[in-house]
Amino acid sequence: MISLPEIVTIALYHLGGADEFVDTEDVAVRAHKLAPERFSWRRHSGQINLELVRVSLSDAKKSSKGEYVSGSGTRGWRLTRKGLDFAEQRLARK
């Protein structure tokens, strides 16, 4: 199963995160579209869990999770070279 940091990395890729910083909220909308059951509130499944997306982006920044993204909630998020390579390889498998 694909991890939450991997899903937000792919969402960031779809949003042009290889070339520019992308806001957390935009990543949240795309990640929810890719995997709604993984990024929804538990009791209100139609709602996006923004905190879970933010934590997943922060995790994707860590070396233990691949160092797929750089940035912050204030500045926005961008793919690293490793993140770009991961997203392209993952999407090529589909």
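Is Lys-82 buried, partly exposed or exposed? Lys-82 is partly exposed, with a relative accessible area of 45%; here buried means under 20% relative accessible area, exposed over 50%, and partly exposed in between (1.4 Å probe, protein chains only).

## Basis of the model

This is a predicted model, in which local features need pLDDT of at least 70 and side-chain atom pairs count only at pLDDT 80 or more, while totals for chains, interfaces and linings use all residues. Residues are numbered from 1 along each chain as its sequence is written, and side-chain values use heavy atoms, with hydrogens and water left out.

## The nonpolar core

The largest nonpolar core holds 22 residues. Such a core is a set of buried Ala, Val, Leu, Ile, Met, Phe, Trp, Tyr and Cys residues joined through side-chain atoms within 4.5 Å. The members that touch the most others are Ile-7, Val-8, Leu-12, Val-27, Phe-39, Val-53 and Val-69. Two or more residues come from each of α1 (4-14), α2 (24-34), α3 (50-61), β2 (76-79) and α4 (81-92), and α1 gives the most, with six residues. Helices (H or I, at least four residues) and strands (E, at least two) are DSSP runs, numbered from the N terminus.

Leaving aside residues up to four places away in sequence, Leu-12 touches Gly-17, Val-22, Val-27, Val-69, Trp-77, Arg-78 and Leu-79, where contact means heavy atoms within 4.5 Å.

## The strand pair

β1 and β2 pair in the antiparallel sense over four bridges; two strands count as paired if DSSP finds at least two bridges between them. A hairpin of three residues joins β1 to β2. Val-69 has Leu-79 in β2 as its bridge partner, and Leu-12 touches both of these residues.

## Salt bridges

The structure holds four salt bridges, each defined by a side-chain nitrogen of Lys or Arg within 4 Å of a carboxyl oxygen of Asp or Glu. One of them joins Glu-67 and Lys-82 (3.8 Å, N to O). This pair links distant parts of the chain, with Glu-67 in the loop between α3 and β1 (69-72) and Lys-82 in helix α4, 15 residues apart. Glu-67 is partly exposed, with a relative accessible area of 36%.

Arg-81 is exposed at 54% relative accessible area, whereas Asp-85 is partly exposed at 29%. The side chains of Asp-59 and Lys-62 also meet in a salt bridge (3.2 Å, N to O); Asp-59 is buried at 18%, while Lys-62 is partly exposed at 43%.

## Aromatic rings

The structure holds one aromatic pair. Tyr-68 and Phe-86 are stacked, at 4.7 Å centre to centre and with 15° between the planes. Rings of Phe, Tyr and Trp (its six-membered ring) pair if their centres lie within 6.5 Å; planes under 30 degrees apart count as stacked, over 60 as edge-to-face and the rest as tilted. The pair links distant parts of the chain: Tyr-68 is in the loop between α3 and β1, and Phe-86 is in helix α4, 18 residues apart. Tyr-68 is buried at 14% relative accessibility, and Phe-86 is buried at 10%.

The charged end of Arg-78 sits over the ring of Phe-21, 5.7 Å from its centre. This arrangement requires NZ of Lys or CZ of Arg within 6 Å of the ring centre and within 35 degrees of the ring normal.
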